[in-house]
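We will go from stop to stop, picking out a few residues each time.

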Amino acid sequence: MEKLLWCLLIMISFSQAFGSEDMFKKAFVFPTESDTSYVSLEAESKKPLNAFTVCLHFYTGLSKIRSFSVFSYATTKNSNDIHIFWNKDKGYAFGVGGPEVRFMVSEIPEAPTHICTSWESATGIVEFWIDGKPKVRKSLQKGYTVGTDASIILGQEQDSYGGSFDAKQSFVGDIGDVNMWDFVLSPEQINTVYVGGTLNPNVLNWRALNYKVQGDVFIKPQLWS
């Protein structure tokens, strides 16, 4: 009996562990609205962040229907340490440490969309790029430091560390090419990423992604080139 229990515990620990995979030309597909389906990502770097850039592709038909989470990065000190969120009729919200700035876009075309966003503590400057084109720079949280031990979630908005999901904020569609660096990419580097380059991301690397799927999320070929 003890041996059976030990084997069961080992199996559970392996099933809950993050798996690493080259996700080249693949995407996570979130087919239905849910408060139980999501993907957890494990950061390669565990240190605090005084600057970062996040880039990803997503494809959804939700933008005219409701708001939804694009990228949620919580720490034990702040459930919204980094977040990218689409607000219906208001555009993109980008937050660091709680406060956020908005980038007005009337709607997201029903086509694959590429975004890159960056922030640095030294100046508070935020950049937001959509399909290789920059929005006007804004300022946010000058002097702030993003915490450690991150819970990084695709598909849901974290209202507490690793949880408190709301189905009405969930993502429905495809997400891929999620990369993150602990520095601000230059405009030339962002254009390189937009056309398919990777530039050795050192926080999240789509070509060697540590992730764990929960619920109804599937891995399928990307629908964009």
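## First stop: the largest pocket

By class, the lining of the largest pocket is made of 6 nonpolar, 9 polar and 3 charged residues. Keep in mind that you are looking at a predicted model. The volume of this pocket is about 280 Å³.

To find the pocket, select Phe24, Asp177, Val193, Gly196 and Gly197: of the 18 lining residues, these lie nearest its centre. Now colour strand 4 (51-59), strand 14 (173-181) and helix 2 (187-194), the elements that each give two or more residues to the lining.

Stay with strand 4 for a moment and pick Cys55, which has its place there. Is Cys55 buried or exposed? Its relative accessibility is 0%, so Cys55 counts as buried.

## Second stop: the annotated domain

Select residues 24-225. The UniProt annotation "domain: Pentraxin (PTX)", from an unreviewed entry, covers this span. Colour it by secondary structure: 4% of the span is helix and 43% is strand.

8 of them form an open sheet with antiparallel pairing, in the order 1-15-3-13-5-6-7-8. Select strand 1 (19-21) and strand 8 (100-103) to see the edges, where each strand pairs on one side only. Neighbouring strands of this sheet are turned by 25° against each other on average, ignoring direction.

Let us walk through part of the sheet. Select strand 3 (residues 38-41) together with strand 13 (residues 151-154): these two pair in the antiparallel sense over 3 bridges. Zoom in on Val39, which stands opposite Leu154 in strand 13.

Strand 13 is also joined to strand 5 by 3 bridges, and these two strands run antiparallel. Here, Tyr73 has Ile152 of strand 13 as its bridge partner.

Now select strand 5 (residues 68-75) on its own. How many of its residues are buried? The count is 8 of the 8, so strand 5 is largely enclosed by the rest of the structure.

From strand 5, follow the chain through 2 residues of a hairpin into strand 6. Strand 5 and strand 6 (residues 78-87) pair in the antiparallel sense over 6 bridges. Pick Phe71 and look across to Ile84 in strand 6, which stands opposite.

Move on to strand 7 (residues 91-96), which 4 bridges join to strand 8 in an antiparallel run. Find Phe94: it stands opposite Val101 in strand 8. The hairpin of these two strands has 3 residues between them, and Gly97 in this hairpin takes a positive phi near 65°.

Show the side chains of strand 8. Which residues are on its covered face? Val101 and Phe103 are there, while Glu100 and Arg102 make up the uncovered face.

Finish by selecting strand 10 (residues 125-130). This strand is mostly covered, with 5 of its 6 residues buried.

- Strand 9 (residues 113-120) pairs with strand 10 in the antiparallel sense over 5 bridges. Look for Thr117, whose bridge partner in strand 10 is Phe128. In the hairpin of these strands, which has 4 residues between them, Gly124 takes a positive phi near 75°.
- Strand 11 (residues 133-134) pairs with strand 10 in the antiparallel sense over 2 bridges. Trp129 has Pro134 of strand 11 as its bridge partner. This hairpin has 2 residues between the strands, and Asp131 takes a positive phi near 50°.
- Strand 12 (residues 138-139) is joined to strand 10 by 2 bridges, and the two run antiparallel. Select Ile125 to see it opposite Ser139 of strand 12.

Technical notes: Residues numbered from 1 in each chain as written. Predicted model: local features only at pLDDT ≥ 70, side-chain atom pairs only at ≥ 80, totals over all residues. Heavy atoms only, no water. Pairing = 2+ DSSP bridges. Axes fitted to C-alpha atoms, helices over the stretch in contact; angles between N-to-C directions. 1 Å grid on protein atoms, 1.4 Å probe; cavity = no way out; pocket = protein on both sides within 12 Å on 5 of 7 lines; lining within 4 Å. Points joined across faces, edges and corners; volume = space filled by probe spheres on them. Nonpolar A, V, L, I, M, F, W, Y, C, P; charged D, E, K, R; others polar. UniProt positions renumbered as here; feature names shortened; annotations may be inferred. Buried < 20%, exposed > 50% of the residue type's maximum accessible area, 1.4 Å probe, protein only.
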